[in-house]
Amino acid sequence: MRFLHTADWQLGMTRHFLSAAGGEAQSRYGAARREAVAGLGALAAEVGAEFVVVAGDVFEDNQLSPREVSLALEAMRAIEVPVYLLPGNHDQLDAGSVYTSALFAAERPANVTVLDRDGVFRVRPGVEILAAPWRSKAPTTDLAAAATAGVVADGTVRVLVAHGGVDVLDPDSSKPSLIRLAALEEALAAGAVHYVALGDRHSRTEVGSTGRVWYSGAPEVTNYDDVETDPGHVLVVDIDEDDPAHPVQVTARRVGRWRFVTLRHDVNDDRDIAGLDINLDQLPDKERTVVRLVLTGSLTIGHKAELDDCLDRYARLFASLRTWDRHCDLAVLPADGEFDELSIGGFATGAVQELVAAARADGTDADDARSALALLLRLSAPHGQGNVA
């Protein structure tokens, strides 16, 4: 038996830094998330998967626009093989659940089943899914343990589909909703369950040492690489039905196309700025790449103007490029004589001198003065001068 394990589609997700430039990148990102879902049909056909389990957080939340819901269901229709959706903490089965809405009921494709009750869903003779759906944002018990309670080995191949943190990976092991790994391993050892498909962590993660407990991670990245180390995968799961032990083999397939990366760079002179330019230039797929910069160093105002030129150019190429301000440590001070050769005169000369004096001081006024002087240098430079090539 072969099936696909995925989770955390969070269809309808928005990211504020993608909406900042008019929303064009946000629209492409949303479309990419739906395309990753629809593309599971081709992957299922390629590997011969019988069905797909989605281990929670199919939707970003329960308050999506009708268009988002319709587009999501159309993406699921393209998969063609049976798809089993588990409500998670983002799209829990409460009174306002998207799964019980009139729109979902009217447009749900025939291949889609919502795992909307605790317990057993029969896939076919000899194969069952055990479901642990979320009914609130804050469960007060281990839902996975409840789903497996009383289940005994009887030759049936069973896949437990659950969502949430596992106690051995969570720093706060006292949370009542945590999934207890020991209980999972006990069910696996007894032969009552043969694979545990988890959702909630957006990076592909094996849990424990049995080889049977996995987070698939999100099929498309949702956060930066310091948070999500290995997103963008779907797991192809093989369970040998003929062997009484039902051994499991798990293979990861990359399906994600977007990247959220954090770059750290020291910038102290024009050589460092040129190095940053080269690093940004060499990143592929800029339209599907989000860059967060951590910049440290000390620059003259002239070099800061060169840096701004560089960043402005790449901000037009990447899906998003911005500085992570609370982690940046970039000092900007005017160098001696830096503004002596500006072709200005009269009262403007005095104004520049006042700005230089303010820029060498501390506080908010100094930051404003430095920004004003950097802009002055950029505006007064001949066309093309100061741009880092």
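We'll go through helix packing, a sheet and some aromatic rings.

Mentor: This is a predicted model, where local features need pLDDT of at least 70, side-chain atom pairs count only at pLDDT 80 or more, and totals for chains, interfaces and linings use all residues. Residues are numbered from 1 along each chain as its sequence is written, and side-chain values use heavy atoms, with hydrogens and water left out.

Trainee: How do the axes of α8 and α9 cross?
Mentor: Two packed helices are described by the angle between their axes and the distance between the axes. Here α8 (residues 270-282) and α9 (residues 301-315) have axes that come within 10 Å and cross at roughly 5 degrees. Axes are lines fitted to C-alpha atoms, for helices over the stretch in contact, with angles from 0 to 180 degrees between N-to-C directions. Helices (H or I, at least four residues) and strands (E, at least two) are DSSP runs, numbered from the N terminus. So α8 is roughly parallel to α9 (under 35 degrees; over 145 is roughly antiparallel, 65 to 115 roughly perpendicular, the rest oblique).

Trainee: Which residues of α8 and α9 make the contact?
Mentor: Contact means heavy atoms within 4.5 Å. Among them are I273, L276 and L280 of α8, and L307, C310 and L311 of α9.

Trainee: What is the order of the strands in the open sheet?
Mentor: Two strands pair if DSSP finds at least two bridges between them. The six strands run β4-β3-β2-β1-β11-β12, with mixed pairing. At the edges sit β4 (112-114) and β12 (248-254), each pairing on one side only. Inside the sheet, β2 (residues 51-54) and β3 (residues 83-85) run parallel, joined by three bridges, and V54 stands opposite L85 in β3.

Trainee: How many aromatic pairs are there?
Mentor: A pair of aromatic rings is described by the distance of the centres and the angle of the planes. Rings of Phe, Tyr and Trp (its six-membered ring) pair if their centres lie within 6.5 Å; planes under 30 degrees apart are stacked, over 60 edge-to-face and the rest tilted. That rule gives 12 aromatic pairs. F17 and Y224 have ring centres 5.6 Å apart and planes at 45 degrees, so this pair is tilted. F17 lies in helix α1 (residues 16-19), 207 residues apart from Y224 in the loop between β10 (213-215) and β11.

Trainee: Are F17 and Y224 buried or exposed?
Mentor: Both are buried (under 20% relative accessible area; exposed is over 50%, partly exposed in between, with a 1.4 Å probe and protein chains only). F17 and Y224 also form one aromatic cluster with Y29, W258 and F260.
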